[in-house]
Amino acid sequence: YDWLGRREKVLPNHYMMGKQASLQHIPLLRDDIVATATYYDALVTHPERLCFEVISDGLSENPSCQAFNYISVTGQKDGKIQLLDAVSGTTVSITTDIICNAAGPWIDKVNAKLGRDTAYVGGSKGSHVVLDNEPLRRSLDGRMIYFETNDGRICLTYPIDDKVLLGTTDLRIDDPDDARCEDFEIDYLFEALRNVMPAIDVNRDQIVFRYSGVRPLPNSDQAAVGRVSRDHAIEVDESDETLAIPVFSLVGGKWTTFRAFAEQAVDQMLPYLKRERLASTENLGIGGGKALSDGSEPVEEINKVAATYGIEKQVVEKLYTKFGNVPDLYTNVARHGGQQPVASIDGYFVGEISYLAECEQVVHLTDLLLRRTTIAFNGLITRPALEELAGIVGSVLDWDDEQRDAEIENTQAELSKDNGVVLTSTATPQNASD
């Protein structure tokens, strides 16, 4: 890491600590360790924000771009791509000169809809749990502990806000739609953690959220999925009699490399479009972080936002941590009542929720909870919270009572099925076993 980051040195060098020093810094580590290594890396605290802001920035940069929400490919006919709008139920056809298939673990499924029989992806499921475990969080003291398990896999645990994330498994999976964190995976993760920090009490009652994702790894005959390359590649299917449009499938990729991968893909596609690159994104700020790309300090921006919009500084501080400088957000929060806290969830505001519903293509309540905020991830959803949020979102999206109630029930069912969350009237959701 020191070597890779040598060109733009922004992080300290790594260092090693022997047994005595390691146990002094992290007393709850097992006492037969030999040494530890400490190195520095980046942390994505709000991946749902980064995902949406990359899309939003793309739309802002090019007015001819469109981003369709709740749209899926259903097939192709006579060179036209068929798309289904899951909200309205209507089907539309589009024409294009090129297709970039960046569907991750669903790449082969999308290609099949286009008439291309591919087997580019060999998915690997990684499951995680979010724990309400204060002794573990306090012991980590801001660190991520990254460790090898007895079977040679890699696990990690690190604090996020007042919770702790523990992951991950590495299991082959054929259908990404089946990815869920299962009980045997939780047993595996707990055993791995106890092996490294045996004094920590960890159990299912501490789980506030569980989830599973699928790594879009290249298809491989490796017996151990952990040994499959984590690098990315671009597979090209040229025009043929089945589909007279070239398809570029982006295999692999992750947050660490998404920007470089995107540039590589575009550079490979531009000749097909007979166009040249106009700009690089390497040093381009993203979303609400653009205000800091000139070297400004967050405290300076927070003071400026508070003064400009007439919002209490402590409110801006909480919002700025999540969003950065987003003028439309602060305009919404500055409206009458917008600074009012959400009664059932600490750290959120009515104007913030209404802004997300109005400006960020929220269709269902699950969009807000799982894909625009970390509310569900942090275990903050209770039945009263669900009802309050549905009321705020529903007032913006004009839901009637029937639709609002349906959104509440559907959200509750999805959280239980996919994330092991059983809603209660108390402050912390209960964990559900499979």
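Predicted model: local features only at pLDDT ≥ 70, side-chain atom pairs only at ≥ 80, totals over all residues.
Visitor: What covers the buried residues of helix H10?
Guide: Welcome! Helix H10 spans residues 350-359 and is mostly covered, with 7 of its 10 residues buried. The cover over those buried residues includes helix H2 (47-61), helix H8 (313-323), helix H9 (327-334), helix H11 (365-372) and H12.

Visitor: Which residues of H10 are buried?
Guide: Buried here is a matter of relative accessible area under 20%. In H10, the residues that count as buried are Gly351, Glu352, Ile353, Ser354, Tyr355, Leu356 and Ala357.

Visitor: Which residues is Leu365 in contact with, leaving aside its neighbours within four places in sequence?
Guide: Leu365 is one of the residues that touch the most other members of the largest nonpolar core. Beyond its sequence neighbours within four places, its contacts are Leu386, Leu389, Ala390, Val393, Trp399, Glu407 and Thr411.

Visitor: Why is one side of strand S6 and of strand S13 left without a neighbour in the sheet?
Guide: The open sheet has 3 strands in the order S6-S14-S13, with mixed pairing. Strand S6 (99-101) and strand S13 (233-237) stand at the edges, so one side of each lacks a neighbour in the sheet because each has a single partner strand.

Visitor: In S14, which residue is the bridge partner of Ile99?
Guide: S6 pairs with strand S14 (residues 247-251) in the parallel sense, over 3 bridges. For Ile99, the bridge partner in S14 is Val247.

Visitor: Which helix packs on the sheet?
Guide: The helix in question touches S6, S13 and S14, and its direction makes about 25 degrees with that of S13. Its residues are 258-273, and its name is H6.

Visitor: Is Thr168 buried or exposed?
Guide: Thr168 sits in the loop between strand S10 (163-167) and strand S11 (171-172). Not counting residues up to four places away in sequence, Thr168 touches Gly126, Ser127, His128, Ile154, Cys155, Leu156, Leu189 and Arg215. Its relative accessibility is 12%, so Thr168 counts as buried.

Visitor: With which side chain does the side chain of Thr168 make a polar contact?
Guide: A polar atom of the Thr168 side chain lies 3.3 Å from the backbone oxygen of Ser127. These two residues are 41 residues apart in sequence, yet 5.2 Å apart in space, C-alpha to C-alpha. The side-chain partner, at 3.3 Å, is Arg215.

Visitor: What joins the side chains of Thr36 and Ser22?
Guide: Thr36 lies in strand S2 (residues 35-38). Its relative accessibility is 18%, so Thr36 counts as buried. Leaving aside neighbours within four places in sequence, its contacts are Tyr15, Met16, Met17, Ser22 and Leu29. The link between the side chains of Thr36 and Ser22 is a polar contact of 2.7 Å.

Terms used. Residues numbered from 1 in each chain as written. Heavy atoms only, no water. Pairing = 2+ DSSP bridges. Helix = DSSP H or I, 4+ residues; strand = E, 2+ residues; numbered from the N terminus. Contact = heavy atoms within 4.5 Å. Axes fitted to C-alpha atoms, helices over the stretch in contact; angles between N-to-C directions. Buried < 20%, exposed > 50% of the residue type's maximum accessible area, 1.4 Å probe, protein only. Polar contact = N/O pair within 3.5 Å; in protein donor to acceptor, adjacent residues only side chain to side chain. Core = buried A, V, L, I, M, F, W, Y, C linked by side-chain atoms within 4.5 Å.
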